Amino acid sequence: MTDHYYQAHVFVCQNERPAGHERGCCNSKGATKLRNYMKVRAKELGIPMTRINTAGCLDRCELGPVMVIYPEGTWYRYETMEDIDAILDDHLVGGQVVERLQLSPDQ
């Protein structure tokens, strides 16, 4: 039994800036399509007590697309459906950080 409503809360940046903006944005790098895929796959896998949410700018635009998973506060950069699968399987189901996708605090 847990005293939290969710065991994991995933915030996926969906920020959109004008084309050509110097910092770029997660949305122009496929974040919406990949967030939608993540939501569907999480439901298909039956991952319990997990919420995948849209987030505004997470201020790591140059690294995007990015997400952060709480309560751990683990940040990821991802590009493909395979990356999303690794985050779902390894992190959210298995409890292990996907090191190849993890962002460090200084990035």
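**Helices, strands and cysteines**

User: What do the buried residues of helix 1 pack against?
Analyst: Bear in mind that this is a predicted model. The buried residues of helix 1 are Ala31, Leu34, Arg35, Tyr37, Met38 and Ala42. They pack against strand 1 (8–13), strand 2 (50–55), strand 3 (66–70) and helix 2 (81–93).

User: Within what arc do the buried residues of helix 1 fall, seen down its axis?
Analyst: In an α-helix there are 3.6 residues a turn, so residues three or four places apart point the same way. Buried residues of helix 1 include Ala31, Leu34 and Met38. Seen down the axis, the buried residues line one face of the helix, because they fall within an arc of 160 degrees.

User: Which exposed residues sit on the face of helix 1 turned away from its buried side?
Analyst: One face of helix 1 is lined by its buried residues. The face turned away from that buried side carries exposed residues: Lys33, Lys43 and Glu44.

User: How far does helix 1 reach from its first C-alpha to its last?
Analyst: Helix 1 spans residues 31–45, which is 15 residues. At 1.5 Å a residue, 21 Å is expected. The reach in the model is close to that, at 21 Å.

User: What handedness does the β-α-β unit of strand 1, helix 1 and strand 2 have?
Analyst: Strand 1 and strand 2 run parallel, joined by six bridges. In one of these pairings, Val12 has Thr54 of strand 2 as its bridge partner. With helix 1, the two strands make a β-α-β unit that is right-handed.

User: Which parts of the structure are included in what covers the buried residues of helix 2?
Analyst: The buried residues of helix 2 are Asp83, Ile84, Ala86, Ile87, Leu88, His91 and Leu92. Their cover includes strand 1, helix 1, strand 2, strand 3 and strand 4.

User: How many disulfides does the structure hold?
Analyst: Look at Cys57 and Cys61. Their sulfurs are 3.7 Å apart, too far for a bond, because a disulfide needs the sulfur atoms within 2.5 Å. The number of disulfides in the structure is zero.

User: Is Cys61 buried or exposed?
Analyst: Buried means under 20% relative accessible area. Cys57 is at 35%, so Cys57 counts as partly exposed. Cys61 is at 4%, so Cys61 counts as buried.

User: What is the omega of the cis peptide bond that joins Gly64 and Pro65?
Analyst: Most peptide bonds are trans. The bond between Gly64 and Pro65 is cis, and Pro65 lies in the loop between strand 2 and strand 3. Its omega is about 5 degrees.

User: Where does Pro71 lie?
Analyst: Another cis peptide bond joins Tyr70 and Pro71, with omega of about 25 degrees. The place of Pro71 is in the loop between strand 3 and strand 4 (74–77).

User: What is the phi of Met49, which is not a glycine?
Analyst: Most residues other than glycine have a negative phi. Met49 lies in the loop between helix 1 and strand 2, and counts as partly exposed at 32% relative accessibility. Its phi is positive, about 50 degrees.

User: Where does Asp59 lie?
Analyst: Asp59 is a residue other than glycine, yet its phi is positive, near 65 degrees. Its place is in the loop between strand 2 and strand 3.

User: Which residue with a positive phi follows helix 2?
Analyst: Start with helix 1: just after it, Gly46 takes a positive phi of about 65 degrees. Helix 2 is followed by a glycine whose phi is positive, near 75 degrees. That residue is Gly95.

Technical notes. Residues numbered from 1 in each chain as written. Predicted model: local features only at pLDDT ≥ 70, side-chain atom pairs only at ≥ 80, totals over all residues. Heavy atoms only, no water. Helix = DSSP H or I, 4+ residues; strand = E, 2+ residues; numbered from the N terminus. Expected span 1.5 Å × (residues − 1). Buried < 20%, exposed > 50% of the residue type's maximum accessible area, 1.4 Å probe, protein only. Arc of directions from axis to C-beta. Contact = heavy atoms within 4.5 Å. Pairing = 2+ DSSP bridges. Right-handed = clockwise from strand over helix to strand, strands pointing away.
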